[in-house]
Amino acid sequence: MSKQEETLKKIISHCKEYGFVFQSSEIYDGLSAVYDYGHNGTELRKNIREYWWKAMVQMHDNIVGIDSAIFMHPKVWKASGHVDGFNDPMIDNKDSKKRYRADQLLEDRIAKYEKDGKTDKAAGLQKAMDDALESNDLAALKALIEENEIACPISGTRNWTEVRQFNLMYSTQMGSLAEDADEVYLRPETAQGIFVNFLNVQKTARMKIPFGIAQTGKAFRNEIIARQFIMRMREFEQMEMQFFVRPGTEMEWFTYWKAYRMAWHKNLGIPDAKYRFHEHTKLAHYANAAVDIEYDFPFGFKEVEGIHSRTDFDLKQHQEFSGKKLQYFDPEINQNYVPYVVETSIGLDRMFLLLMFHCLEEETLESENQTDTRTVLRLPAILAPVKLAVFPLVKKDGLPEKAKEIIDMFRFDYTCMYEEKDAIGKRYRRQDAIGTPFCVTVDYDTMENNTVTLRYRDSMEQKRVAIDELSTILADEINWKKVLNFQL
Ligand code: ATP
């Protein structure tokens, strides 16, 4: 097993063991690329979502949120181009019967050429692939797979079918009788719910351009190959914001959002070297700029977020397909126009995985006469599923009651956890593994002088502090301001 496979395996088993992520329908042997979140995973996800929401909506006077339905009128997806164009080119290996995305087979080969120092070959293949994708030339994609002697990793053969297009949208029927049922889709992105509500929101929230609409919610894609755990799922959550601007000002806003979104990532304390921008050279026909924010996963730099300048494409399409005007009257220039849109779109689950990779550490602890290891999840305190764990040293003499009193002081502000089982050292380790930044131990001295031991997750430092001091110490460390302080 390669090192990267081993790291991923460790993450998957850690996520399961500590209640972060479970395979969906596990007792029925699971459903491929669909996952459930456990008690700690749900808290972590909620906190990441909240960080996004606060950064986008609460920190901007000109951004408001919506929560649109997953089902939308089927014409929405015709207008958006998803019915005709939301396809991946796929190819099957006739021997292993495995299905692959043709472009991903080629991308893997490009990465291999790069790794082997064959940069000219890599660039040549990249260009040929981009051209074939742009002109939708499926035969050319197949030819590239053959010319580059790409074999199926399972069967090892080059016995391929033709390349075919495969639509990624799930459809179902609306209505009780099959005869009069209408085909509806599970949304493959949350953005269209924002576009079709553009005027509703603009009018009711009395927004003036430039302004944004933000939304978080589930999206569904029938991914041909689902890889790398929650990196590529068939049901996932997106956090998207569409920013409506005056035509001609979109590049200014594109630059702003590019910087702001990167700052959002780095404010979590993740070093610069782990992130990079990937500028799109080949743009979709409706975009005039696009960039991905990529993170350095063990399997290479991969997209976590996209920032796209989408011109007036979506609103114009909906205008045409619905027959309703989607225009804005700009009092400053006394003109009606269809606004341009700059969007930011990040996958919540992918961000979750990023944090797991970045924060999970197996640390070797050297003491005088022994070496020990501990598993610690160094999440930013504000995102941790449990912020404060309180332990009584022993289960008697009023210590449990005192510990619960402390929990009751803090449960209004933080997710807290009470634990009395096992030795204190073991309890600390369990909290380290789920990322709890602070543990408090109540002992016999507490009963005398109202002081407790406060233990810090990262340094493992233990301090004796008065119970009265706890709230200031915690408020200082577990604080939205720490991550929402944007300096661009
Ligand atoms: P990719 O190239 O990885 O398929 P994309 O370019 O299709 O991604 P977008 O449509 O721009 O992705 O979606 C925005 C974000 O949603 C992505 O940056 C990613 O974080 C997330 N995302 C997209 N598809 C999935 C998926 N199948 N599972 C989990 N997250 C996803």
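1. Glu237 is a residue of strand β10; strands here are DSSP runs of E with at least two residues, helices are runs of H or I with at least four, and both are numbered from the N terminus. Glu237 is buried, at a relative accessible area of 5%, where buried means under 20%, exposed over 50% and partly exposed in between (1.4 Å probe, protein chains only). Its side chain makes a polar contact of 3.3 Å with that of Arg45. A polar contact is a pair of N or O atoms within 3.5 Å; within protein, one must be able to donate a hydrogen and the other to accept it, and residues adjacent in sequence count only if both atoms are side-chain atoms.

2. On the basis of the coordinates: this is a predicted model, in which local features need pLDDT of at least 70 and side-chain atom pairs count only at pLDDT 80 or more, while totals for chains, interfaces and linings use all residues. Residues are numbered from 1 along each chain as its sequence is written, and side-chain values use heavy atoms, with hydrogens and water left out.

3. Strand β10 also contains Val245, which is buried with a relative accessible area of 0%. Between the C-alpha atoms of Val245 and Thr451, which are 206 residues apart along the chain, the separation is 56 Å.

4. The ligand has 14 residues around it, of which Glu223, Arg232, Met233, Glu303 and Val304 come nearest; a residue is near a molecule if one of its heavy atoms lies within 4 Å of it. β10 (235-245), β13 (300-309) and β16 (340-347) each supply at least two residues of this shell, and β13 gives the most, with four. By class, the shell has four nonpolar, four polar and six charged residues. Here Ala, Val, Leu, Ile, Met, Phe, Trp, Tyr, Cys and Pro count as nonpolar, Asp, Glu, Lys and Arg as charged, and the others, Gly among them, as polar.

5. Oxygen atoms of the ligand lie 2.7 Å from a side-chain N or O atom of Glu303, 3.0 Å from a polar side-chain atom of Arg350 and 3.3 Å from one of Gln238. The protein buries 82% of the 590 Å² that the ligand exposes when taken alone (Shrake-Rupley method, 1.4 Å probe).

6. The largest nonpolar core comprises 88 residues, with Ile48 and Trp257 making the most contacts inside it. Such a core is a set of buried Ala, Val, Leu, Ile, Met, Phe, Trp, Tyr and Cys residues joined through side-chain atoms within 4.5 Å. Helix α12 (residues 348-359) gives the most to this core, namely nine residues. The core lies between domain 1 (3-81 + 172-356) and domain 3 (379-484), because both give residues to it; the domain bounds come from an automatic or database domain assignment.
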